Amino acid sequence: MILSGWQVGTAQRGALPNLVDGKADKRTRLAYRYLQQAEKEGKVLFGHQDALAYGVGWREIPGGSDVKAVCGDYPAVYGWELGDLEHADAVQNLDTVNFQKMKAWIIEGHKRGGINTISWHMDNFRTGGSSWDTTGAVTDILPGGPKHEAYIAGLDRFADFINDLKAGGFLKRKKIPILFRPFHEHTGHWFWWCNTHVTPENYKAIWKFTVSYLRDVKQLHNLIYVFNTAENVNTEEEFLQFYPGDEWVDILSLDSYRDVRDEAASEGLKTRLAMLADLAARKGKVSALAETGLEGIPHPEWWTRVFLNGILPRQGQPSVAYAMVWRNANKKHHYGPYPDHVSAANFIEFHQHPVTVFEKELPGLQKRARRGEGVGRR
Ligand code: BMA
């Protein structure tokens with residue numbers, strides 16, 4: 001395992017960026033700077049949800065990853081999901097991933113040089129239904145609401161989870177940087193926190209409460225906060241409608257599945273991501289395509305003709321810092337490749353493209369980030 005760059009946390013040149021958390025630790029700031037530099041140079045880190053936990057036809061094999069099995073390289077970004085952690089007795093998430101094992105995979109990915117990101121499909125606090133139960137519940141969990149204490153208890157469990165994410169060894173007290181993406185896809189209509197079921201004021205209020213509680217009360221200083229819309233935003237105004245303000249958000253991101261259906265649609269993604277990257281650059285922040293993919297990937301050249309086309313920045317423009325495809329649950333519900341899949345050969349081409357960044361390219365990239373230098377070419 002390689003430990004280098006921002007993870008070692010030795011002296012580095014240049015000022016480190018300021019985050020939502022003024023006390024964010026050094027490694028967290030270095031991770032953020034590294035994403036900023038990737039973005040400036042038009043590099044896109046490739047991510048995969050649940051990459052180390054399971055894939056198509058396997059579960060919990062040490063070192064396992066469908067992405068690695070296809071191209072010989074691990075993803076640069078690992079996505080994890082905390083749905084059900086809000087319940088006191090939960091030992092696994094809504095997709096049956098064990099929370100203790102998840103912590104070990106997060107640490108493993110981090111030690112390899114990867115960046116970890118977390119989403120949270122919380123159950124509906126009012127009804128006890130799932131995240132997809134759209135009965136309004138945000139007012140219930142705000143201060144003064146009937147479920148506020150239950151929400152706090154969920155955040156306490158989140159803090160316990162985050163506090164366990166330590167690198168170990170000589171870095172044992174150092175926490176692992178985590179990109180945290182709460183209340184995601186809020187411009188959709190499918191979750192109880194989506195804009196059809198909450199006012200902008202209440203969304204902003206729960207966002208600010210959550211950040212303040214984790215940062216100031218729980219004293220977590222390894223979180224990078226990711227604001228995230230669905231794909232239905234065409235303008236900056238639409239993207240910012242529920243935005244709590246620059247002092248509350250580190251990464252501006254969107255999720256898009258519709259834009260990666262085919263080549264024509266991917267032109268729309270290019271335009272949307274250019275809007276996002278430009279907005280983030282003006283704010284001095286990072287942008288990302290936090291979740292994407294085409295279920296089953298029936299198109300053999302999807303990786304280069306559709307996905308890469310969508311994320312490639314136009315000449316001279318910044319890219320998004322990372323783009324993550326969703327999980328490989330089974331032969332039908334998967335968004336990454338797997339060996340012998342119809343798109344596997346094309347994925348190797350995607351991996352080799354100078355714009356895409358996977359694990360093997362990370363150490364050099366991180367060392368440069370530490371020194372405040374450019375990302376450079378492979
Ligand atoms: C969805 C699907 C579901 C899963 C949920 C949370 O997109 O993959 O099967 O439960 O994400 O991970």
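H8 gives the most to the lining of the largest cavity, with four residues; helices here are DSSP runs (H or I, at least four residues), numbered from the N terminus. The model is predicted, so to speak of local features takes pLDDT of at least 70 and side-chain atom pairs 80 or more, while totals for chains, interfaces and linings use all residues. Residues are numbered from 1 along each chain, and side-chain values use heavy atoms, without hydrogens and water.

**Exercise 1.** Find which residues are closest to the centre of the largest cavity.

*Solution.* Step one: the cavity has a volume of about 70 Å³. On a 1 Å grid over the protein atoms alone, a cavity is a set of points where a 1.4 Å probe fits but cannot get out, and lining residues have an atom within 4 Å of a point. Step two: among the 13 lining residues, Lys 270, Leu 273, Ala 274, Pro 313 and Pro 318 are closest to the centre.

**Exercise 2.** Work out which side chains have an N or O atom by an oxygen atom of the ligand.

*Solution.* Step one: list the surrounding residues (a heavy atom within 4 Å), including Glu 81, His 121 and Trp 132. Step two: look for polar contacts (N or O pairs within 3.5 Å). Asp 95 places a polar side-chain atom 2.5 Å from a ligand oxygen, Arg 327 comes to 2.8 Å, and Trp 326 to 3.0 Å.

Conventions:
1 Å grid on protein atoms, 1.4 Å probe; cavity = no way out; pocket = protein on both sides within 12 Å on 5 of 7 lines; lining within 4 Å. Points joined across faces, edges and corners; volume = space filled by probe spheres on them. Helix = DSSP H or I, 4+ residues; strand = E, 2+ residues; numbered from the N terminus. Polar contact = N/O pair within 3.5 Å; in protein donor to acceptor, adjacent residues only side chain to side chain.
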